[in-house]
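This briefing goes through a single protein chain. The points are grouped by topic.

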Amino acid sequence: MTSIPQRFAGFRSAASVLDDATLTDGQKRAALLSWRAALQRGVPDAGNGRAKQARMLHEIEDALQELAGRRQASS
């Protein structure tokens with residue numbers, strides 16, 4: 001059994017955090033950083049658990065980069 005969080009604060013994916021119109025960019029960034037930290041603390045099972053953790057971390061990093069790009073574009 002894996003102990004990595006598959007969801008975070010009701011969000012199913014990093015993209016769903018970005019798509020939430022009720023959150024400010026700062027709140028989105030905080031949520032993504034918290035989710036990333038939780039994933040990094042988790043200890044996945046060998047094989048599939050590690051692959052899921054790596055995929056989710058990659059998605060979060062992509063979302064953080066997109067969010068940073070949005071911030072630069074609006075400056």
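**Briefing**

Arg 70 is partly exposed, with a relative accessible area of 31%; buried means under 20% relative accessible area, exposed over 50% and partly exposed in between, with a 1.4 Å probe and protein chains only. The model is predicted, so local features need pLDDT of at least 70 and side-chain atom pairs count only at pLDDT 80 or more, while totals for chains, interfaces and linings use all residues. Residues are numbered from 1 along each chain as its sequence is written, and side-chain values use heavy atoms, with hydrogens and water left out.

**Chain**

- The chain has three helices and zero strands; helices (H or I, at least four residues) and strands (E, at least two) are DSSP runs, numbered from the N terminus.
- Along the sequence the pattern reads α-α-α.
- Of the 75 residues in the chain, 28% are buried.
- Among contacts with a separation of 6 or more, 62% join residues 24 or more positions apart; contact means heavy atoms within 4.5 Å.

**Salt bridges**

- A search of the whole structure gives three salt bridges, each being a side-chain nitrogen of Lys or Arg within 4 Å of a carboxyl oxygen of Asp or Glu.
- Arg 70 pairs with Glu 66 in one of them, at 3.0 Å from N to O.
- Both Glu 66 and Arg 70 belong to helix α3, where they are four residues apart, about one turn of the helix.
- Glu 66 counts as partly exposed, at 43% relative accessibility.
- Arg 36 and Glu 61 form a salt bridge with an N to O distance of 2.7 Å.
- Arg 36 lies in helix α2 and Glu 61 in helix α3, so this pair ties together parts 25 residues apart in sequence.
- Arg 36 has a relative accessible area of 22% and is partly exposed; Glu 61 is partly exposed at 30%.
- Glu 59 and Arg 55 meet in a salt bridge at 3.2 Å, N to O.
- About one helical turn separates Glu 59 and Arg 55, because they are four residues apart in helix α3.
- The relative accessible area is 32% for Glu 59, which is partly exposed, and 41% for Arg 55, also partly exposed.

**Helix α2**

- Helix α2 covers residues 25–41, which is 17 residues.
- From first C-alpha to last, α2 reaches 24 Å, close to the 24 Å expected at 1.5 Å a residue; the expected span is 1.5 Å times one less than the number of residues.
- Its buried residues are Lys 28, Ala 31, Leu 32, Trp 35, Ala 38 and Leu 39.
- These residues cover an arc of only 125° around the axis, which puts them on the same side of α2; the arc is that of the directions from the helix axis to the C-beta atoms.
- On the other side of α2, Gln 40 and Arg 41 are exposed.
- The buried residues of α2 pack against α1 (14–19) and α3 (48–74).
- Ala 37 is also in helix α2 and counts as partly exposed, at 27% relative accessibility.

**Lys 28**

- Lys 28 sits in helix α2.
- A polar atom of the Lys 28 side chain lies 3.4 Å from the backbone oxygen of Asp 20.
- Not counting residues up to four places away in sequence, Lys 28 touches Val 17, Leu 18, Asp 20, Leu 23, Leu 67 and Arg 70.

**Helix α3**

- The 27 residues of α3 should span 39 Å at 1.5 Å a residue, and the end C-alpha atoms are 39 Å apart, which agrees.
- Gly 49, Gln 53, Met 56, Ile 60, Ala 63, Leu 64 and Leu 67 are buried in α3.
- The cover over these buried residues of α3 includes α1 and α2.

Conventions. A polar contact is a pair of N or O atoms within 3.5 Å; within protein, one must be able to donate a hydrogen and the other to accept it, and residues adjacent in sequence count only if both atoms are side-chain atoms.
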